[in-house]
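Thanks for coming, everyone. Please look at the screen, and I will walk you through a few places.

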Amino acid sequence: MVHSALLNVMIKAARKAARGLVRDFGEVEKLQVSLKGPANFVSLADKRAEQIIREELANARPGYSFLGEEGGKTEGPDKTHTWIVDPLDGTTNFLHGIPHFSISIALEREGTIVAGLIYKPIGDELFLAERGKGAFLNDQRIRVAARKTMTEAVVACGLPHHGRGGLELFRQEFAQVQDRVAGLRRFGSAALDLAYVAAGRLDIYWERNISPWDIAAGAILVREAGGYVSDLDGNDAMFAKGHVIAGNETLHRELLQALKQAAKGEALKG
């Protein structure tokens, strides 16, 4: 498959950063048994990966703004374009030697995501999408799953982290969803959850307390794969509100209703 110049820039940056992450991941297992533990090491691996990606993207597209998990927002002379980058999505998995983590790169143009890449180095899975051109996994076209009933659906979700709050609301949501679906999963990488929805491996995904770099690339992947992505109010303010739901049209609508019922029940309790 011939990639556009834009996607080639993103692919080159992701693969270069991935080489360092794979090397560092090989060291994590050894550090698990040390007294110091691997936490500081993984933090440095994260920052190194972001720096590599930032430099590669800046060399290819000088002047673009940059929003990264580690370094925050850097305004460039070109205010119409912003790279949105998570250099290591699934840090906790990485920290514990679990080979389920990814690099996520998206390009926002005048407020619209126009291209996205999610790369899973362990397994060499490269998910790509460009606005209006479809979604691909290792150059093979992908589509969201066609299942129409919740009872057949495998659903991914996020779990509230320690100190973030929202646990009681999640319990209400979990109770609403659990009895309706074939299975619930928590994989620990929002970017890969969205990529898996795009590829039809997962039917639906939702999560709260999420950042733009977690979901920017995944959102365009799902949409270009024929799916629906919104915030949990059914609108397109995912970045501002910090929550997301994705799936095919039917299951997106059904899960959205279930989650709204859960939120209403939690509000009445309060």
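Leaving aside its neighbours within four places in sequence, which residues is S4 in contact with? They are E130 and K133, where contact means heavy atoms within 4.5 Å.

A word on the source. This is a predicted model, in which local features need pLDDT of at least 70 and side-chain atom pairs count only at pLDDT 80 or more, while totals for chains, interfaces and linings use all residues. Residues are numbered from 1 along each chain as its sequence is written, and side-chain values use heavy atoms, with hydrogens and water left out.

Back to S4. It sits in the segment before α1 (5-32). Helices (H or I, at least four residues) and strands (E, at least two) are DSSP runs, numbered from the N terminus. S4 has a relative accessible area of 18%, so it counts as buried. Buried is under 20%, exposed is over 50%, and partly exposed is in between, with a 1.4 Å probe and protein chains only. A polar atom of the S4 side chain lies 3.1 Å from the backbone nitrogen of L7.

Now K133. Find it in the loop between β6 (125-130) and β7 (135-137). Leaving aside neighbours within four places in sequence, K133 is in contact with S4 and E224. K133 and E224 are 91 residues apart along the chain. Their C-alpha atoms are separated by 7.1 Å.

Next, the sheet. It is open, has 5 strands, and runs in the order β10-β9-β11-β13-β12 with mixed pairing. Two strands pair if DSSP finds at least two bridges between them. β10 (183-185) and β12 (228-230) are the edge strands, each pairing on one side only. On average, neighbouring strands here are turned by 15° against each other, direction ignored. β11 and β13 (residues 243-247) run antiparallel, joined by 5 bridges. R208 has H243 in β13 as its bridge partner.

Which helix lies across β12 and β13? That is α6, at about 145° to β12. Helix α4 (residues 167-178) lies across β9 (154-157), β10 and β11, at about 165° to β11. Axes are lines fitted to C-alpha atoms, for helices over the stretch in contact, and angles run from 0 to 180 degrees between N-to-C directions.

Last stop, two loop residues. N209 is in the loop between β11 (204-208) and α6 (212-224). N209 is not a glycine, yet its phi is positive, about 55°. It is partly exposed, at 41% relative accessible area. E110 lies between β4 (102-109) and β5 (112-120), also in a loop. Phi of E110 is near 50°, again positive without being glycine. E110 is exposed, at 65%.

Methods:
A polar contact is a pair of N or O atoms within 3.5 Å; within protein, one must be able to donate a hydrogen and the other to accept it, and residues adjacent in sequence count only if both atoms are side-chain atoms.
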